[in-house]
Amino acid sequence: MCAPTCRSMASLYSDPHWSTNMDTAVARLSGPRVEPQKALAWLGEKAKEEYFSLTDIWGVITSVGIMKEMELRHLSDEANRDASNPYPIYCAIEKYCYSNGPIQGKWFELSPHEAGFTELGLFIETSLLGSRFHDGVMLEKVPEMDMVQLQGILGCALAVEDTIRGVIPPWMNVPEHIDSAAEYLRVYNYLGKIIALTRIAFKDPAALSALDQLQIIVEETMKHNESMWLETKSMDEKKSLFKQWSLELVAATETWRQSLEDGDFKDNVSLITNRILPLIIKWEWGTTRNFLYQYQDETVPPCLNSDRIHLIDAGLLVNVGYPSFLGDKRDIDLFIAPEYSAGDMFETLTLARDYAAEVKKPFPEIHNSILEEKDWPKDCYVFEGKDGEPTIVFMPLFNRNNCKDADEYKAKMEEFSTFQRPFSQEKTEFVLETAKANMKNNKETLLREINKAVVRRQKKLLEAGGSEKDPE
């Protein structure tokens, strides 16, 4: 699945029997905070690795700030766990194929047993992802990534510059120089997140005072830069200013670090200035070794020729994991899709439909008349599959049944937007209760479609059995 679903899944699956004890599973999502020193110690160890990237930092930020736990187990551990739990499949996309490559190189999936490119049909054992390969032969085995790293990969929509462009303030939103502005904002915004993470970790008054000083330096730099920008006339000058400001922010942070007294706080800050800030400048995300490096297969696109790949949030392409379940490999009869994605209602459906058409896989018809209901949707839609297409039961979280009109629907979607700070306990419980009510209200529809899917599956099995006997 895609973020933020993946983060919840990672937490749920820490209990091998979560599906038989939902109350305990839900309570885990609002558990006690992670000991900050544990998070910083993990980050310090990862910083020593060759492919340390911003994804590792984002994994820590989301683990500490949102999930409130550090899941150090491995996805492959699920391969031998309780089969009564739903089988977990996580989705990502390859950053450079997403930007410049064919559709076949974009979608990447990870399950307890295998990881690889869905449309290429090329996979390795999940425990070997990150190991060194050449032409399909493993040359060096490295430890499997843990769930903190995986959460960082699956939730890093920030890895694509377009996401940053969406938060550029009006005074620097000049079309000719958006890329330069995004680079500067990357440094500014990520410094703010790192300051917040470090503040959680250290309660010493001297350390907190030092962080206050850094926060003031960063904020005053931004205000000063706005003034300079407005005074600058030439477009060339404006472009060079962004580059200059990025370097000045980094230099100011280093000067601040040098002013600190020796000790644990300064050691942790040194990790930021020596390892993290250079990654922010480069915008290095999701880096891992490419198991298809030099693989002799004409289906491998040029965007996968490097010795490394960059895995990022699949929601940038399709914010529900439909692509992993389309076609013959898993031969799905029925999708039950509770819908709570940012953006227009039905967008995930139409994007999945277009994806399916491009890779020539069956997908049910989505009538345009349905799309006209996006501003105030019903609580349940059934898109029935025909001739090998899966059926989709599509269930918007907020809908005509729990919102009296389009205005209330819009307000609810804004109030519970995914782009905000972690939900309070009250908000979390409200979302859960709303989802439960939707399921109860549509129980008959769900049971009917499940029964129809069972009948379809039985028919397929009978037809397959008959085909096997025909040659005799």
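**A disulfide and the sheet beside it**

The structure holds one disulfide. Its two ends sit in distant parts of the chain, 206 residues apart: Cys-97 is in helix H5 (residues 95-100), and Cys-303 is in the loop between strand S7 (287-289) and strand S8 (308-313). Helices (H or I, at least four residues) and strands (E, at least two) are DSSP runs, numbered from the N terminus.

A quick word on what you're looking at: this is a predicted model, where local features need pLDDT of at least 70 and side-chain atom pairs count only at pLDDT 80 or more, while totals for chains, interfaces and linings use all residues. Residues are numbered from 1 along each chain as its sequence is written, and side-chain values use heavy atoms, leaving out hydrogens and water.

Now, is Cys-97 buried or exposed? Cys-97 counts as buried because its relative accessibility is 0%; buried means under 20% relative accessible area, exposed over 50%, and partly exposed in between (1.4 Å probe, protein chains only). Cys-91 is buried too, at 1%.

Next, find the open sheet of six strands, in the order S4-S3-S2-S1-S8-S7, with antiparallel pairing. Two strands pair if DSSP finds at least two bridges between them. Strand S4 (122-125) and S7 are the edge strands, each pairing on one side only. Further in, S1 (residues 90-94) and S2 (residues 107-110) share four bridges, and Cys-91 stands opposite Glu-109 in S2.

Notes
A disulfide is a pair of cysteine sulfur atoms within 2.5 Å.
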